[in-house]
Amino acid sequence: VKLPHGYVERRQGSLRVIARPPELDEMAALLAGPARSLAQHSEGQEDGLGRGATRRFLLPGGGAVYVRKYLRGGMVRHFNRDRYLRRPPRPVRELIVTEQARVAGCSVPAVMAACVEAAGLFYRGWLVTRAIEPALTLFAALDAAPDRQERGAILEAAGVAARSLHSAGVYHPDLTGDNLLVGPGNAVSVIDLDRAFTGRAGSSRLAERGLARLWRSLEKGGGAMADEERRWLERGYRG
């Protein structure tokens with residue numbers, strides 16, 4: 001599979017680390033620990049951002065990143081927690097689709113590195129993204145909004161973020177209130193593109209499905225949502 005422009009890979013033992021040349025040494029050193037034990041070098045507890053086990057790390061040169069280990073869910077997790085077979089590997093697929101969205105101007109995390117560890121016929125995977133800080137999940141931002149006008153502004157910004165993704169031909173089946181981060185000035189970023197895929201830009205069927213998924217998540221996890229709030233979300237999305 002072709003890597004995004006500017007990324008190179010390094011193989012060290014059973015590990016395959018993909019990063020940009022300026023960060024390759026630092027990422028390879030960081031992943032030498034978390035690739036075997038995510039708890040090593042961590043400054044905090046497990047974070048709820050994204051799928052899998054995610055922790056925040058401070059880099060020696062400054063700045064913070066999130067390292068996410070891919071973990072299985074459902075019944076499979078009881079006998080196979082972290083090994084995968086499908087190719088290309090999930091970290092590589094997420095790197096490719098996230099970078100496509102970023103290049104198109106979408107607000108998504110910068111992928112610092114993707115890592116794959118060979119395990120016989122299987123592999124384990126990790127993704128390193130630059131931390132988006134300060135930020136709250138969309139759910140938390142709506143809860144913290146002081147009034148309806150602020151809630152409306154946040155929902156409009158969420159609609160704009162979803163539209164930019166679909167306009168770039170990137171579709172996120174897990175577009176929920178947990179996978180949108182709201183930063184200062186109500187800047188909204190889309191995270192956790194593990195299951196995202198590319199398609200025809202502006203596909204009405206896929207776009208409507210994604211918007212409906214986001215609204216269902218808000219109704220389920222964001223408390224009582226008024227019809228007016230749905231109009232705010234759609235106003236941001238429709239432009």
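**Notebook: salt bridges and the domain interface**

I started with Arg 124, which is partly exposed at a relative accessible area of 25%. I noted at once that this is a predicted model.

**Entry: the partner of Arg 124.** Arg 124 and Glu 117 form a salt bridge, with N to O at 4.0 Å. Is Glu 117 buried or exposed? I found 10% relative accessibility, so Glu 117 counts as buried under the 20% cut-off.

**Entry: Lys 69 and Asp 82.** I checked this pair next. Their closest N and O atoms are 2.9 Å apart, and the pair is a salt bridge. Lys 69 sits in strand 4 (residues 64–69), while Asp 82 sits in the loop between strand 4 and helix 2, so the bridge ties together parts that are 13 residues apart in sequence. I then looked up accessibility for both. Lys 69 is buried, at 16%. Asp 82 is also buried, at 13%.

**Entry: Asp 174 and Arg 195.** I moved on to another salt bridge, with 3.1 Å between the closest N and O atoms of Asp 174 and Arg 195. Asp 174 is in the loop between strand 8 (170–171) and strand 9 (180–182). Arg 195 is in the loop between strand 10 (188–190) and strand 11 (197–198). The pair therefore ties together parts that are 21 residues apart in sequence. Asp 174 is buried, with a relative accessible area of 12%. Arg 195 is partly exposed at 44%.

Over the whole structure I get 18 salt bridges.

**Entry: two domains.** I turned to the division of the chain. Domain 1 covers 8–130 and domain 2 covers 136–238. Their C-alpha centres are 25 Å apart. In the contact I find 16 residues from domain 1 and 20 residues from domain 2. How much area do the domains bury between them? The value is about 1,400 Å², with 59% of it on carbon and sulfur atoms.

**Entry: polar links across the interface.** Elsewhere in my list is the salt bridge of Asp 192 with Arg 68, at 3.9 Å between the closest N and O atoms. Six residue pairs are in polar contact across the interface. On the domain 1 side, helix 2 (residues 90–103) gives the largest share, six residues. By class, that side has eight nonpolar, four polar and four charged residues.

Key: Residues numbered from 1 in each chain as written. Predicted model: local features only at pLDDT ≥ 70, side-chain atom pairs only at ≥ 80, totals over all residues. Heavy atoms only, no water. Domains from an automatic or database assignment. Contact = heavy atoms within 4.5 Å. Buried area = accessible area lost by both parts, 1.4 Å probe. Salt bridge = Lys/Arg side-chain N within 4 Å of Asp/Glu carboxyl O. Polar contact = N/O pair within 3.5 Å; in protein donor to acceptor, adjacent residues only side chain to side chain. Helix = DSSP H or I, 4+ residues; strand = E, 2+ residues; numbered from the N terminus. Nonpolar A, V, L, I, M, F, W, Y, C, P; charged D, E, K, R; others polar. Buried < 20%, exposed > 50% of the residue type's maximum accessible area, 1.4 Å probe, protein only.
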